[in-house]
Amino acid sequence: MMFTDQLHEQAATLWQKSFDHPFIQQISAGTLPKAVFRFYLLQDRYYLSEFGKLHEQVASQVTNPKGRTFLLEGAQGLKDGEIAVRKGFFETLQISKQEIAQTPVAPTAYNYVNHMYAELYRGTPGRAIAGLLPCYWLYNEIGKRLIATGSPESLYQQWIETYDSDGYTDSVQKMIALTNETAAQTDEEERTAMAASFVRSSAYELAFWQMAMDRQSWQAG
């Protein structure tokens, strides 16, 4: 069994909860309130910006030339591709630069990003790589699950198609391969820590959907 197969098994319950989450189900049905999707996009903009920076910072610490190249290409790809797609969503929903500037980072988005920085700077590049993987892989799995039925809402259909595309799937497979290569070059203690990082990120992915549904703020509760 590949290391990433083990990770997949460890996070299976969390991933199933993501597949079943009302945010995902309503994306598919076309019934997700636009206000919820707007909030999600605003928080995801912050997340993706930091996600790209993390790729660059992990790349600066890995010794595998192929892995370094992939991470740097991934950082650039986020700037050129996925973030560009988000820009189209922002234009459709008329999300202004002022609204972006005035929207605070929600607790879950803040904590998810901090978790990955902690895995890198208080841990190792391998743990950071494992922490980055769920964002790639889970979204691809969601795209594959939803593409068969699609969504009657064109905006949500575009979101689904982003994560079922051949280009995106190829990036996911490369990230999976990098995670396996990294795990193969270390010891069992480090692989256990990498697995913990992967599971934590999977939990934050699940929390991200609920954060959007709640339009979470620091004043809640």
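A polar contact is a pair of N or O atoms within 3.5 Å; within protein, one atom must be able to donate a hydrogen and the other to accept it, and residues adjacent in sequence count only if both atoms are side-chain atoms. The model toured here is predicted, so local features need pLDDT of at least 70 and side-chain atom pairs count only at pLDDT 80 or more, while totals for chains, interfaces and linings use all residues. Residues are numbered from 1 along each chain as its sequence is written, and side-chain values use heavy atoms, with hydrogens and water left out.

**Stop 1: Asn140**

Select Asn140 and Thr169 and display their side chains. These two side chains make a polar contact at 3.0 Å. Asn140 belongs to helix H8, residues 125-147; helices (H or I, at least four residues) are DSSP runs numbered from the N terminus. Asn140 counts as buried because its relative accessibility is 1%. Here buried means under 20% relative accessible area, exposed means over 50%, and partly exposed lies in between, with a 1.4 Å probe and protein chains only. Contact means heavy atoms within 4.5 Å.

**Stop 2: the second largest pocket**

Remain with H8 and select Val62, Thr63, Gly126, Thr182 and Gln185. Of the 14 residues that line the second largest pocket, these are the closest to its centre. The pocket holds about 220 Å³ of space. H8 and helix H10 (166-184) each supply at least two residues of the lining. By class, the lining has four nonpolar, eight polar and two charged residues.

The terms used at this stop are as follows. On a 1 Å grid over the protein atoms alone, a pocket is an open set of points where a 1.4 Å probe fits, with protein on both sides within 12 Å along at least five of seven lines; lining residues have an atom within 4 Å of a point. Grid points are joined across faces, edges and corners, and the volume is the space filled by probe spheres set on the points. Ala, Val, Leu, Ile, Met, Phe, Trp, Tyr, Cys and Pro count as nonpolar, Asp, Glu, Lys and Arg as charged, and the others, Gly among them, as polar.

**Stop 3: aromatic pairs**

The structure holds 25 aromatic pairs. Select Phe23 and Tyr40: their ring centres are 5.0 Å apart and their planes stand at 50 degrees, so the pair is tilted. Rings of Phe, Tyr and Trp (its six-membered ring) pair if their centres lie within 6.5 Å; planes under 30 degrees apart count as stacked, over 60 as edge-to-face and the rest as tilted. Phe23 in helix H3 (residues 22-29) and Tyr40 in helix H4 (residues 34-59) are 17 residues apart, and the pair links distant parts of the chain. Phe23 counts as buried at 0% relative accessibility, and Tyr40 counts as buried at 0%.

Then select Tyr47 and Phe208. Their ring centres are 5.9 Å apart and their planes are at 70 degrees, so this pair is edge-to-face. Tyr47 lies in H4 and Phe208 in helix H11 (residues 188-214), so the pair ties together parts that are 161 residues apart in sequence. Tyr47 is buried at 2% relative accessibility, and Phe208 is buried at 2%.

**Stop 4: along H11**

Which residues are in contact with Ser197, leaving aside its neighbours within four places in sequence? They are His115, Glu119, Arg127, Ala130 and Gly131. Ser197 is found in H11 and counts as buried at 0% relative accessibility.

Move to Ala212, also in H11 and buried at 0% relative accessibility. Leaving aside neighbours within four places in sequence, Ala212 is in contact with Phe23, Val36, Phe39 and Tyr40, which brings back the tilted pair of Phe23 and Tyr40.

**Stop 5: Leu54**

Leu54 lies in H4 and is buried, with a relative accessible area of 1%. Select Met116, Tyr117 and Leu132, which Leu54 touches when residues up to four places away in sequence are not counted.

**Stop 6: two positive phi values**

Most residues other than glycine have a negative phi. Select Gln94, whose phi is positive, near 55 degrees. Gln94 sits in the loop between helix H5 (65-92) and helix H6 (97-102) and is exposed, with a relative accessible area of 69%. Finish at Arg215, in the segment after H11. Its phi is also positive, near 45 degrees, and Arg215 is partly exposed at 46% relative accessible area.
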